[in-house]
Amino acid sequence: MLCLASAHRDPKRYPSPDEFDIHREDKAHLALGQGMHYCLGAPLARMETQIALHTLLHRFPRLDLAVPPQQLQWRASFRSRALKAVPLTLR
Ligand code: HEM
């Protein structure tokens with residue numbers, strides 16, 4: 001079983017893997033699988049994500065974290081890396 005959560009944070013593969021860098025040029029990842037079992041819903045998932053983020057940021061352009069990033073809590077999961085909650089302020 002692959003541990004995708006750590007594969008994406010391998011410093012030998014990705015420089016500064018824990019940094020959220022929206023301008024990162026090397027975007028290769030395994031989040032939607034690989035090869036013959038590549039995610040069948042990938043185009044739908046990409047479209048939904050694009051629409052959701054666009055709508056959210058358009059409606060709330062001043063969206064911001066309500067707590068310092070150090071206070072965010074991560075789920076303990078072998079398979080994926082996800083936050084337990086993302087407290088936000090809309091201002
Ligand atoms: C952000 C959302 C999604 C993520 C991160 C994701 C991730 C993945 C990953 C990693 C796999 C490969 C699993 C493996 O190799 O064992 C996979 C397979 C698959 N996904 Fe997704 N998925 C997403 C959304 C969707 C959606 C929206 C659908 C359907 C509408 C879907 C349908 C499938 C199916 C049917 C497979 C199995 C493909 C196969 O084994 O041939 N996924 N997905």
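Let's start with burial. Buried residues make up 7% of the 91 residues in this protein. Keep in mind that this is a predicted model.

Now the overall build. The protein has two helices and two strands. From the N terminus on, the order is α-α-β-β. Along the principal axes, the C-alpha atoms fill a box of roughly 45 × 30 × 25 Å.

How far does the confidence go? Mean pLDDT for the protein is 91. Of its residues, 100% reach 70 or more. Confidence is lowest in α1, with a mean of 79. It is highest in α2, at 97.

Take C39. The ligand carries an iron atom, and that iron has a single donor from the protein. The donor is the SG atom of C39, 2.3 Å away. Where is C39 in the chain? C39 sits in the loop between α1, residues 4–7, and α2, residues 42–59.

Then H37. A polar side-chain atom of H37 lies 2.7 Å from an oxygen atom of the ligand. So much for the ligand site.

On to S16. S16 also belongs to the loop between α1 and α2. What is the phi of S16? Its phi is positive, about 40°, although S16 is not a glycine. For background, most residues other than glycine have a negative phi. Is S16 buried or partly exposed? S16 is partly exposed, with a relative accessible area of 42%.

Last stop, P87. P87 lies in the loop between β1, residues 64–65, and β2, residues 88–89. Its relative accessible area is 33%, and P87 counts as partly exposed. How far is P87 from P68? In sequence, the two are 19 residues apart. In space, C-alpha to C-alpha, P87 and P68 are 9.9 Å apart.

To recap the ligand site: C39 gives the iron its single protein donor, and H37 places a polar side-chain atom 2.7 Å from a ligand oxygen.

Definitions and conventions:
Residues numbered from 1 in each chain as written. Predicted model: local features only at pLDDT ≥ 70, side-chain atom pairs only at ≥ 80, totals over all residues. Heavy atoms only, no water. Polar contact = N/O pair within 3.5 Å; in protein donor to acceptor, adjacent residues only side chain to side chain. Donors = N, O, S within 2.8 Å, 3.2 Å for Na, K, Ca; no water. Helix = DSSP H or I, 4+ residues; strand = E, 2+ residues; numbered from the N terminus. pLDDT = per-residue confidence, 0-100. Buried < 20%, exposed > 50% of the residue type's maximum accessible area, 1.4 Å probe, protein only.
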